[in-house]
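Student: Could you walk me through how to read a few features here? I'd like the general idea, then the case at hand.

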Amino acid sequence: MKTIAEWEYKRRPEILELFEEHIYGRTPVGFDSVSFKLTNEKASAMEGRAHLKEVLITAWNKGRSISFPMVLFIPNKRKGPVPAFLLINNRSRRNTDPGRLEKSTFWPAEMVIDSGYAIAAFHNGDVAPDRKDRYQQGLLEQLFPEELEKDNGMKAIGAWAWAASRVMDYLQTDKDIDSKKVAIVGHSRGGKTALWAGAQDRRYAMVFNSCSGNSGAALARRKYGETISLINKQFGHWFNNNYKKYSNKVDSLPVDQHMLIGLIAPRPVYTTNATQDRWADPYGSFLSNVNAKPVYELYRQKVVLPKEMPAVGSPIVESTIGYHFREGAHDLNVYDWTNFIRFANYNYKK
Ligand code: GTR
């Protein structure tokens, strides 16, 4: 593969299809409509620093619908439309409290607002419950029941990524948002989803994945920490049925996860790992980023990843592929967000 045209018209679509077919499931082509309802608005939230909008998103297909809420804060100190971060929240809803009675380091909205960015979130469970026995009860049963019958049909991760694109649909209608600068963010299972969403939907300007591990940024063939076999056993409802075939045959999987990162090129992508989270295979996640480099280089993007794993607490932000390995546990925290903002500032040339 030598040219951008070859990559974009031939190899990229092939790889995308392989990920759909063997791992995350096919994303249905089209649906009937989507609508947005502002359910709550506060022009002077966060002691006047932000404008709060709560929006109910409703999507329709063949006469059936699903609705899920999203929350958005926009900095009041702005000259025009602002760039935004969108978090796929896979933890408690309290993390994204619109009332700000609860303030969480998982979604440090005040800090993001003070940095000049809007911040949005939706809860994955509002779209597809994160449960083996109930993931169907939401988007899948309502809008795409036929997917549940297929071995390559999408399941929870596919559904969450689909919903993130509907949030993007909304953000494109909001005049306060610079929709060419919307970053998708996720942690762990949310990080896997952010990568998959970013690979498919090229409207996201950047992708941030925190401790995304197996079936996220980590290379499957290293078989270090969580493996395909283990993730299929414990979290089979995230992936399509075909993925189960690879539980004990990782080497026959036609892709590995560096190719997922390659699909995001030339858009900036940032990956994190934590010292106490060996389960997510930090080294394998780093290597996956290194191995995505050829695609970025095709677009002449500046990638300054070193050959070996960077030291703990030495973030690489001045690069189109960013990475850090931080001290601590499997989490998304203020250290991570601080570097996400630095990386976004650098890549947006703010
Ligand atoms: C872990 C799981 C990971 C990751 C994580 C999370 O237990 O093994 O794949 O997704 O949970 O989402 O917090």
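Student: How many residues lie between β2 and β3 in their hairpin, and which turn residue has a positive phi?

Tutor: Background on the model comes before that. This is a predicted model, where local features need pLDDT of at least 70 and side-chain atom pairs count only at pLDDT 80 or more, while totals for chains, interfaces and linings use all residues. Residues are numbered from 1 along each chain as its sequence is written, and side-chain values use heavy atoms, with hydrogens and water left out.

Tutor: Strands (E, at least two residues) and helices (H or I, at least four) are DSSP runs numbered from the N terminus, and two strands pair if DSSP finds at least two bridges between them. In this hairpin, two residues sit between β2 and β3, and Lys62 in the turn has a positive phi of about 45°.

Student: In which sense do β2 and β3 pair?

Tutor: Antiparallel: β2 (residues 50–61) and β3 (residues 64–75) share 12 bridges. Leu56 has Pro69 in β3 as its bridge partner. β3 also runs antiparallel to β5 (residues 118–123), with four bridges, and there Leu72 stands opposite Ala120.

Student: Which residues surround the ligand?

Tutor: Near means a heavy atom within 4 Å. Ser188, Arg189, Lys192, Glu226, Ile231, Phe235, Trp238, Trp279 and His330 surround the ligand.
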